[in-house]
Amino acid sequence: MYEKHVLICAGTGCISSGAIEVQDALEAELKKHNMQNKVRIIMSGCHGFCEKGPLFIVFPEDIFYCEITAEDVPELVEEHLIKGNIVDRLLYLDPTTGQRVTSHEDILFYSKQNRLVLRNCGVIDPENIDEYILRGGYLGLKRALTMDPFDVVGEVKKSGLRGRGGAGFSTGMKWEFAFNSQNNKKYVVCNADEGDPGAFMDRSVLEGDPHAVLEGILIAGQAIGSDEAYVYVRAEYPLAIRRLRTAIEQAEEYGMIGENILNSGFNFKVNIKEGAGAFVCGEETALLASIEGERGMPRPRPPFPAVKGLWGKPTCINNVETLANVPLILRRGADWFSSVGTEGSKGTKIFALTGKVNNTGLCEVAMGITIREIVFDIGGGIREGKKYKAVQIGGPSGGCMPESHLDLPVDFDSLTAAGAMMGSGGMVVMDEETCMVDLARYFLAFTQNESCGKCTPCREGTKRMLETLERITQGKGQEGDIELLEKIATTVKDSSLCGLGQTAPNPVLTTVRYFKDEYEAHIFDRRCPAGQCKELLTYYIDEELCTGCRACKKVCPADAIEGEKKEPHVIIQEKCIACGACLDRCKFDAVKTK
Amino acid sequence: MISLTINGLNVEVEPGDTILQAAEKLGIRIPTFCYEPELSQVGACRMCVVEVEKARTLVASCCTPATEGMVVQTDTERVFEARRANLSLLLASHPLDCLTCEKTGSCKLQDYCYDYGISESDFKGERLEHALDDTNPFFVRDMNKCILCGLCVRKCDEINGAAAIEFMNRGFDSKVTTFFDDPLEESTCVFCGMCVDSCPVGALTPKESMRGGRSWQLSSVKTVCPYCGTGCGLELFVRDNQVVGVKGDKESPANNGHTCVKGHFGTGFLKHPDRLKNPLVRKNGELVESSWEDALRLVASKLKEFKPSEIAGLASARATNEENYLFQKLLRTLGTNHIDHCARL
């Protein structure tokens, strides 16, 4: 009988900040004290609070330690596990109150969340099917197998669940189309090709609760009349792939996957297909082409995959998070599910909160929560007390929401109306020091790089937009550039073949819409208000601080710095090319910008 | 039948027909680069976009099936501006050397720029610099002119079956090339030339046609390919009584416009000094030109000098099936079964 359980987060984030070293140290330390049979170590999935990893939680008392290193382990064992004293210095420090917090429930990052899809992430051992089953796992499948497939489709439709991968299409309707397609072979495809920069919702679900996704896939298969699924997952997610593979093996062993599942006569097979890392393969038709061994390029719809999908057969494609919602809907009912969220957007959404907030990480919130609550409560506000400027929602396809939109409810329709989109749930917070033109340039560089090259507007249009934005950030903007950007953006949005192109201009359009003054400052005043665009900065030397060490003079490639040895130096503005070399070189912080 | 409205006009089409086919039925012209009826429709060039009521974005008419009650507009400002911008985007990375370009006069990019009033691109920026590829004996590839419509890729894959070329790289760096970007000669290419025929711009030019004349200076002569018994229809382009180009005849039921390397590029013999234009008869050990009448008379008289079993005939693959049939009939009438065919050798 174990006296204590120690949960160590083994998500990719915590592993990269040293969770495995912590595990090794703990195992060694327990052995030293001969406590292997008293303390059980559980390597869990992602807890979401990656900013503070590695996380180390002790049960049953639920004490939340964060930023633990292997060196901290002997003290934790000695003080907490043996003597029962809480190690105060390793507790979470609330940045607003300055107080140490013992339980994760008292941390604003967690208390504002509504963890339904992530209910098991960070709680169970993802490599142990029993733990999933003990938490009610596979009950949804069991119920579905006793129902008429059409009623399962109806239940999902009634729940109001919408796709979590980007466009927010009704999941129930998608299932209904696939259900109605008559064919002797149908496929379920799970889209785990999560590609938005900084987004890792799907990875965390696969790593932390792979059986939830499998159960969702099985229910989808039973509902639409399919007997085979593919999970298309990026090869860059090795841990997710490993845990999913383990989960499939265990589910097969338990008779959840295979022939005559739970004596219902339902047969099902799950395959994993590893993607080679193209953003466009997250687009459903490109994804199907990729599974088929073709170049990952989208094709026109109709026909939709529900009618003609993988190898020409009706195919139901849902993303990881969508499928992870399904077992809950079947287990607890559509009415329960639709009681969470807003009128048009039911349930919760997981966001990957990154950027200039205090608490970066993964959070799951009920639809309808405001941006303000996410950024300031869950996110703990802006770092270093700086001013909030905007949040980029929906990754490279999304848009930037300014301060005036802080109270915008986060749901599918409100975001689309404001020019952004839910996307897969990336949320990048920016402060006053982020240049919005440079931000648009960054996202356009991404989409141009990831455009498959098939259709003219996306291939050529994103390139010309990117070039224009580069020009503006380099101080070479011209009158008419904003109009030119809007013109190309309109064409790309209106005439591109797939969702990638149709949404690629969103970062440009929203920044022009909400931060036009920044564009104008770059173009007309040759000034970057956020002080980020190197070429637009004016460099000068603070005479008080300059020691005349000549280091800057030596490094200047344009011979723009003059001054005698041990005398304050001066930058000749006419010669300065604003490369910033002097600023990097100066040891006395004497080189300033304005 | 499906009934829809295009520009306020009603039209009925078969289920599965596209908006483009419906528009064609009404005589409404819609520009296309990547569309060819015999190939799969990819909707890549976006020139054929039209406005469909209730659709969120413009839709590609070449690959969107017409549906009952659909309301389509092909000539609104929104459509015009999108097509114009896409043309302008294509032109931004396309050389403007129309004065010397072989394709001038039969170039779709040129035609549409004329239609949409574009003399130069609205956008300036980087251009990819591809080296001219003229290593194969048949045609020159100038990838700087390629607009990536992909007709050549699909022609090669879906019609020929060689699948020698595909897209490589992504985004702006995309290009059409062979496996590992090897020279065409080292690929599975069989030089049928169908990619050349389908190219809407000047990216692929047959060497035999270079400096041969502008499209409007050429006359077209339809003929049957002399190389084999298939009897493919060819369209010859002629200037000053000289053949300067060949293309498959789309109206020929034998080949629907498809060609092989011989029919497409094997015209060198036409103006070769060794080409036989009249029968030759051996006189005093030397071959001398003769008329068909004399030659045939000579053959007939010689045939009489032998017993039927001493006569043999060798038929030719260059003759048609019908001709080969008649030839064996002739030999059998003479009383011999000694008939063979060059294709057996």
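## Two chains, from overall shape to contacts

A compact globule of 594 residues would have a radius of gyration near 25 Å, and chain A, with 27 Å, agrees with that. The radius is taken over C-alpha atoms, and the globule rule is 2.2 Å times the number of residues to the power 0.38. This is a predicted model, in which local features need pLDDT of at least 70, side-chain atom pairs count only at pLDDT 80 or more, and totals for chains, interfaces and linings use all residues. Residues are numbered from 1 along each chain as its sequence is written, while chains are lettered from A and ligands numbered from 1 in the order in which they are written.

Start with chain A. Its C-alpha atoms fill a box of roughly 90 × 65 × 40 Å along the principal axes. The chain holds 24 helices and 20 strands. Both are DSSP runs numbered from the N terminus: helices are H or I with at least four residues, strands are E with at least two. Of the 594 residues, 56% count as buried. Buried means 20 or more other C-beta atoms within 10 Å of the residue's own; exposed means 12 or fewer, and partly exposed lies in between, with C-beta atoms placed from the backbone. Among contacts in chain A with a separation of 6 or more, 71% come from residues 24 or more positions apart. A contact requires C-beta atoms, placed from the backbone, within 7 Å.

One residue gives a local view. A:Val22 lies in helix α2 (residues 19-32) of chain A. A:Val22 counts as buried because it has 30 C-beta neighbours inside 10 Å. Leaving out residues up to four places away in sequence, A:Val22 touches A:Ile8, A:Pro54, A:Phe56, A:Ile68, A:Thr69, A:Ala70 and A:Val73. A:Asp335 is 313 residues from A:Val22 in sequence and 43 Å from it in space, C-alpha to C-alpha.

Now the domains. Chain A is divided into domain 1 (4-104), domain 2 (129-338), domain 3 (348-431), domain 4 (436-524) and domain 5 (537-593). These bounds come from an automatic or database domain assignment. The C-alpha centres of domain 2 and domain 3 of chain A lie 27 Å apart. Their contact takes 14 residues from domain 2 of chain A and 15 from domain 3 of chain A. On the domain 2 side, the residues divide into 4 nonpolar, 5 polar and 5 charged. Here Ala, Val, Leu, Ile, Met, Phe, Trp, Tyr, Cys and Pro count as nonpolar, Asp, Glu, Lys and Arg as charged, and the others, Gly among them, as polar.

Next, a sheet in chain A. Five strands form an open sheet in the order β13-β12-β16-β14-β15, with mixed pairing. Strands pair if DSSP finds at least two bridges between them. β13 (361-366) and β15 (399-402) of chain A stand at the edges with a single partner each, so one side of each lacks a neighbour in the sheet. Neighbouring strands are turned by 30 degrees against each other on average, direction ignored. Axes are lines fitted to C-alpha atoms, for helices over the stretch in contact, and angles run from 0 to 180 degrees between N-to-C directions.

Follow β12 through its pairings. β12(A) and β13(A) form a hairpin with 5 residues between them. They pair in the antiparallel sense over 6 bridges. A:Lys349 stands opposite A:Val365 in β13(A). β13(A) is mostly covered, with 6 of its 6 residues buried. β12 (residues 348-355) of chain A also runs parallel to β16 (residues 426-431) of chain A, joined by 4 bridges. A:Thr354 stands opposite A:Val428 in β16(A). Helix α21 (residues 506-514) of chain A packs on the sheet and touches β14 (388-393) and β15 of chain A; its direction makes about 25 degrees with that of β15(A).

Chain B has 8 helices and 16 strands. Its radius of gyration is 26 Å, well over the 20 Å that the globule rule gives for 345 residues, so chain B is more spread out than a compact globule. The C-alpha atoms of chain B fill a box of roughly 85 × 50 × 40 Å along the principal axes. Of its 345 residues, 34% count as buried. The C-alpha centres of domain 1 and domain 4 of chain B lie 54 Å apart.

Finally, the interface. In it, 27 residues of chain A are in contact with 29 residues of chain B. α17 (436-450), α18 (456-473) and α19 (481-495) of chain A each supply at least two residues of the chain A side. α18(A) gives the most, with 8 residues. By class, the chain A side has 7 nonpolar, 9 polar and 11 charged residues.

Conventions: Two residues are in contact if their C-beta atoms, placed from the backbone, lie within 7 Å.
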